[in-house]
Structures are given as structure tokens and as C-alpha cells.
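This briefing goes through a structure with the sequence and the 3D view at hand. Please keep both open while reading.

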Amino acid sequence: MIVLSAGFQTTVQDCGRVGFRKFGVTIAGALDSVSMRLANLLVGNEDCAAGLEIATGRVRLQFGDERLIAWCGGEFEVRIGNISLPPLHCARIAPDVICEVQAKRGRAWLAISGGIDVPALLKSRSTDLRAHFGGHCGRALRDKDELQLYPSSALALRIGSEMTDEISDWGAPQLTARDRVLRLVEGRQWEQFTEDSRARFLSGTFSVAMNSDRMGLRLEGEEISIAKTGELPSEPIAPGAIQIPRNGAPIILLGDGQTIGGYPKIAHVITVDLARAAQLQPLDQVRFELIALAEARDLLLKRERDIALFRVGLQTRFA
Amino acid sequence: MRLDALGDSAVILDFADEYSDPDKLLRRVLAAAEALERAQIPGVVEITSAYQSVALFFDLGRVVAAADEHRVEDFLNDRITSALAAAGRASRKKVRAIEIPVCYDAEFALDLSGVAEQTTLDPAEVIALHLSAKYITACIGFMPGFPFLAGLPRRLHLPRLATPRTRVPAGSVAIAAGQSGIYPLESPGGWNVIGRTPIRLFDANANPPALLRAGDRVRFRSITRDEFNALMR
């Protein structure tokens, strides 16, 4: 695969690096792993094959042989030559044709049949941008980069041979709503925040700050204060945690967030809504809705069932 | 011990109510993390610890499958409690002792004069104190392979720099917040840098990728600039 134009922050990502937090290694990975997984399934890949996360700019790609490609995520325009490729569909792309991705809003994930062949470091092909390893040379893609691909799977070849058009007449389900409301469960220090702060946190509208990145979304708006002052000892933290530093401006940790931290956590974004959080960009407005832990878990289990159903459906149809 | 949810796919165990002494508390935490690793609770995909707590991250679907008809909380609570009860409060692993060579040359010791000023010690006394201590790795975090080393002599307890550096060189040995630490990779940072080690603390191509693990004993050894250069090669 030749990267004719790389865009501004295009990285190789898979489902992330699990099992090394005790060594300070973050998950990295596709910030919306569900979109990455659906895109992979659409092109006959294992759901955690390595693909591209595209954030801003224009990306142009060309392939050395015929491939299937699919994308999911934000509001993007993707063209295969002159044909427009909608999200959640599968397209066949011939070697001489250019795939052009124009980012408009949020992030998108592009899967290519076979998946990107970069070395798996610590059991993952994801790019760790802060520690500069994994993905392609530990960095975002640049113009003229060349990446190897694994051969397309037998399933991908069957999908491709049965497609009468360049674009599939079937697609994957849309599993993520576009709402700018993030559902939360109570954080470990929830009770320690003043009642007034908790109320303002849940009723207020926050704006995403310019210095937000893959580590975290920094929010501006209501100032949130903790009743009990004093330093907390650092403790393990999870992606989705909403930390309140001393200045009272919330930070939502994303996939590149650090593994331990000492700021009090008012709440946690539920796993299902990390896909929504991944689409937020600077100046977006966001609100919160508190739900019960059991409901958060039910939503996650339902989403996993939906993905499994799509996988089985696809395998059955192209058996 | 108190168990709290960290979102929908992780829980944290806090042992702060069991010991007030930080060393005993840390030993308890490390033994608990070790016991929980050994217990291989179905669905738990990673375990990590810090000063007074251990977190378990899990794959919800696998936990629910293993829990059968029970609630996720009850299932995890049962498994965690029995793993901790079976293991006792002391680590079974042999303690690893690791010596880290440090060159305290002025070129590397970016904040040594500032530290000397703030502590009203000579630079040589600062170095001697830093070398005199026996450290224990409380946890790894902040960045891959960065050890938080407890055991820094009281005289060297200082706050972080008022203005963090945008670029701290890899290998920088630093002090702040009552601890010593080592930057494995170049990064922004606010600790007081007093030396540099030629030893590599993080290597993504190795498994385990970090030189140090929580619980490791650490001592620093002073080396000359020539020794530093030789070890860098």
C-alpha cells in the first residue's frame, strides 16, 4: 500500500495493547474500537486486524493488488476513483485506482482486506505516539510511506468474487449514535465532590478545548470542585475516567491516557460511549447523563452481541 | 479492603484501611497483585497496582459467562476474596535487587544546583544522599517504564519544578514529590533532574518491556562520564 498523501494524524491502529499497564504501557489502539472492528469484519478480516485511524486532512492511498476496503466513524467523504463509498459498506478497489479520504468531522477507521502488516510489539500493532513505538515506525504516517499488507482472507476473496458492483449492496449495522451526550457511571470519588459541583457537572454543557488529543479530552465550562482537599495517592486509572484536576476543568481519558493518576475521578464514561467520545473535536459541546452501572454493562453486552450477530451473519452469507 | 468500580470494565481494590505505614501498605498491595495474577480469574485481562491499590481490568462478556447466574460484582468479589485469603499477606516471589549506574556530571544534572540551593546542601551532599538510600519500586507509570521509587531521604523531599521542562532527555534521573524516578524516554516533565543513566529502562521489543517492576529494590551507583560513555555504546 502506498500512502500518496498521509493527512495530518493518520496512524496504524488495532484493538489496542492489553496486558502491559503494569509497565506503564497504555492501550493506544483505535479510539473507537467498535468502528475498527466493524470495518475489519466488512472486508473479511479478523475484527482486530490493523487498519488506519484518520483524524484530519486528506488521505490518498493506492494498493499493489486488488483489495476490499471499508470505513466507519465520523463524517468523511471517501472515494474509490470517481465512486463515493458510504460508511459501513465494503468496496473492491483495483490496483491502479486511488482511494481518497477527505476528513470533515471526527475520526474514521479504514480497514483493508488482509490488514496492515507491521510488527506486533507487546501483542499489538497499534501506534503508541507518546512512546514512539508500534504501528508504522512508532509514528503517524507521512506522504510516500509504503506499508505491507497481509494477503486477503479466503472470506474476503469470496466476498469480493460475489460483489456484482464495486460497492456492496449490504452493509454493517450502525452501532454508535451521533449524540453529543456521554453516559456516565459514578467515579470512585463521586461522593467527595460538593453537591453543587455534582449538580452542575450533570446539568452543565461543556466545550471541548483545543489542547485535546488521543490522551484525553479537556473540557471547559462549569468549574467542578471537590469538597475534601489534599492530594490523593496515585492509583491505577482506566480509559473513560473523568478526572478533575485542581483548576476544576474535567479531563476525559482516552486510549492514549496514562496508566496511573492522582486526580480525583468524578465519573467514568461508559465503554459503549467511548465511541461517541472519540468523535468529539475541539469546540464541540458535550453533556453528561448519569446511569446505573448495571445498565452500562447491559449496553456493553448488547453491543458485543450485535457485533457477534453481524460477524455470524456475514460468515453464513459468504460460507 | 474496599472494592470500587472503575467504570463498567474494571474494579479497584483499596488497601489503605489496613496499614498506615506506607512500606507495609505497599508490600500488602504487591502481594495482593501477585496473588490475583496467580488466581487467573476468568475474564480478567490485566492487573496493575500503585501505592495502596490494585486494579483488575476485565472482558465483561467473559466475566458474565463465568459468573453464570450471579451478579458481576458478587462473582468478582468472591473470586478476589478467596484469591487474597489463599495467598496471605506476604509476597512469595524472590525480591529482585537492581543497581542503576548514574552519572551526576553537571551536563546531565540539570537541576542539581537548584536542588542544592533549596535544600541548603552542597551538590556533593545531594548526590551522596541520593546514593545512600535503598529504594523500592512503588509502581511503574506516567510513561512506559517510568519507576516511582520510594525511599528518598527526607532532606531531598522537594516539590516539582514550578515550570515543567518541555523536553527531559531519556535516562534522566530525577527527584520530586518525595520520590526518585527515571525518565525511560525523552518527554516533557517537571521533576528535578540530578543525573543520567546509560541503562535502557524501556524496550518495546522485549517482554517484559520494562527493566523494573513494582516491588523491585533499587540502588544507584555513581559512574564517571567515561564509564557512562562506555555503557552507552
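**Where the two chains meet**

In this predicted model, 35 residues of chain A are in contact with 39 residues of chain B.

- On chain B, the side that touches chain A draws at least two residues from each of β1 (2-5), β2 (10-14), β3 (44-49), β4 (53-58), α2 (60-67) and β6 (135-140).
- The element that gives the most to this side of chain B is β3(B), with five residues.
- Sorted by class, the side of chain B that touches chain A holds 25 nonpolar, 11 polar and three charged residues.

**Chain B as a whole**

- Chain B contains 13 strands and six helices.
- The C-alpha trace of chain B spans about 65 × 40 × 35 Å along its principal axes.
- Of the 233 residues in chain B, 45% are buried.
- Among the contacts in chain B with a separation of 6 or more, 58% join residues 24 or more positions apart.

**A cis peptide bond in chain B**

- Most peptide bonds are trans.
- The bond from B:N207 to B:P208, in contrast, is cis, and its omega is near 5°.
- B:P208 sits in the loop between β12 (192-196) and β13 (217-222) of chain B.

**The barrel in chain A**

- In chain A, seven strands close into a barrel, and their order is β10-β17-β14-β15-β12-β11-β18. The pairing in this barrel is mixed.
- From one strand to the next, the twist averages 40°.
- Strands of a sheet pair through backbone hydrogen bonds, and the pairing is either parallel or antiparallel.
- In chain A, strand β11 (residues 206-208) and strand β12 (residues 216-220) pair over two bridges in the antiparallel sense.
- A:V208 has A:L219, in β12(A), as its bridge partner.

- Most residues other than glycine have a negative phi.
- A:L122 is a residue other than glycine with a positive phi, near 50°.
- A:L122 is placed in the loop between β8 (98-112) and α2 (154-162) of chain A.
- Is A:L122 buried or exposed? A:L122 is buried, because 22 other C-beta atoms lie within 10 Å and the cut-off for a buried residue is 20 or more.
- A:C137 is not a glycine either, yet its phi is positive, about 55°.
- The loop between β8 and α2 of chain A also holds A:C137.
- A:C137 has 14 C-beta neighbours inside 10 Å, so it counts as partly exposed. That class lies between the cut-off for exposed, 12 or fewer, and the cut-off for buried, 20 or more.

**The surroundings of A:T56**

- A:T56 is found in the loop between β3 (51-54) and β4 (58-62) of chain A.
- A:T56 counts as partly exposed because it has 15 C-beta neighbours inside 10 Å.
- Which residues is A:T56 in contact with, leaving aside its neighbours within four places in sequence? They are A:G7, A:F8, A:Q9 and A:A103.
- A:T56 and A:R188 lie 132 residues apart in sequence, and the distance between them in space, C-alpha to C-alpha, is 35 Å.

Definitions and conventions: Residues are numbered from 1 along each chain as its sequence is written. Chains are lettered from A and ligands numbered from 1 in the order in which they are written. This is a predicted model: local features need pLDDT of at least 70, side-chain atom pairs count only at pLDDT 80 or more; totals for chains, interfaces and linings use all residues. Two residues are in contact if their C-beta atoms, placed from the backbone, lie within 7 Å. Helices (H or I, at least four residues) and strands (E, at least two) are DSSP runs, numbered from the N terminus. Ala, Val, Leu, Ile, Met, Phe, Trp, Tyr, Cys and Pro count as nonpolar, Asp, Glu, Lys and Arg as charged, and the others, Gly among them, as polar. Two strands pair if DSSP finds at least two bridges between them. Axes are lines fitted to C-alpha atoms, for helices over the stretch in contact, and angles run from 0 to 180 degrees between N-to-C directions.
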